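Thank you all for coming; I would like to walk you through one structure today, and I ask you to keep it in view while I talk.

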Amino acid sequence: MLTFFMKGLSLSAGMIVSIGSQNAHVLRMGLRREHVALTVLICIACEALLILTGVAGMGRLVAASPVLLTAARWGGALFLSWYGLRSWQAAWRGESLRAERGGIALTGRQAAGSVLAVTLLNPHVYLDTVILLGAIGGQMPGSGKYWFAGGAIANAVIWFTALGFGARLLAPVFARPRAWRVLDSLIGGIMLMLAWGLVAA
């Protein structure tokens, strides 16, 4: 069983560490020290739900449907483009660029809504968890697929906790507005490249 667990842990680690809208959002909230626990918990819960859904068989179903794959591709491209342009706008205007508390803070409901949006409206999340992890984990014999899912979920717990709460160590760097402008500019570029990658696929 440990073998299946480690397979899920290592495969999930290889995918989740890549830069994307969800990780960028968790990093931003961690740097701002705003609703970090709520953000991390929602990311872990969504990741766990999607991984279990994929392992239970949904991954094969979606992968076999050209219509669902096309809808996810174009819908995701639109979302990532919007997110990228919004990041560039924030970098240009200098809006909400702060590493310390202060200014207009998000309410708990707004924070939850924002992290749910960047998580559930991003097609890469479904491609990585439901389809890829689901297809691989679903092939494990017997209870091995659930040990595989457990390893993948354990990685999500470790990664999002470290990213959200560890981001505050970078707070001195991001105490300067210029650093925030650079971060938002990079995030915007990454999101637009991801969107182009979906369209060109």
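This is a predicted model: local features need pLDDT of at least 70, side-chain atom pairs count only at pLDDT 80 or more; totals for chains, interfaces and linings use all residues.

Residues are numbered from 1 along each chain as its sequence is written, and side-chain values use heavy atoms, with hydrogens and water left out.

Let me begin with a loop. His35 sits in the loop between α2 and α3, and its phi is near 50°, a positive value in a residue other than glycine. Arg33 lies in the loop between α2 and α3 (36-63), and the phi of Arg33, also positive in a residue other than glycine, is near 55°.

Next, a pair of helices. The axes of α2 (residues 21-32) and α5 (residues 108-120) come within 8 Å and cross at roughly 155°, where axes are lines fitted to C-alpha atoms, for helices over the stretch in contact, and angles run from 0 to 180 degrees between N-to-C directions. α2 and α5 are therefore roughly antiparallel to each other, a term for angles over 145 degrees, as against under 35 for roughly parallel, 65 to 115 for roughly perpendicular and oblique for the rest.

Finally, helix α7 (residues 144-166) has 23 residues and reaches 32 Å from its first C-alpha to its last, close to the expected 33 Å, which is 1.5 Å times one less than the number of residues.

How values were computed:
Helices (H or I, at least four residues) and strands (E, at least two) are DSSP runs, numbered from the N terminus.
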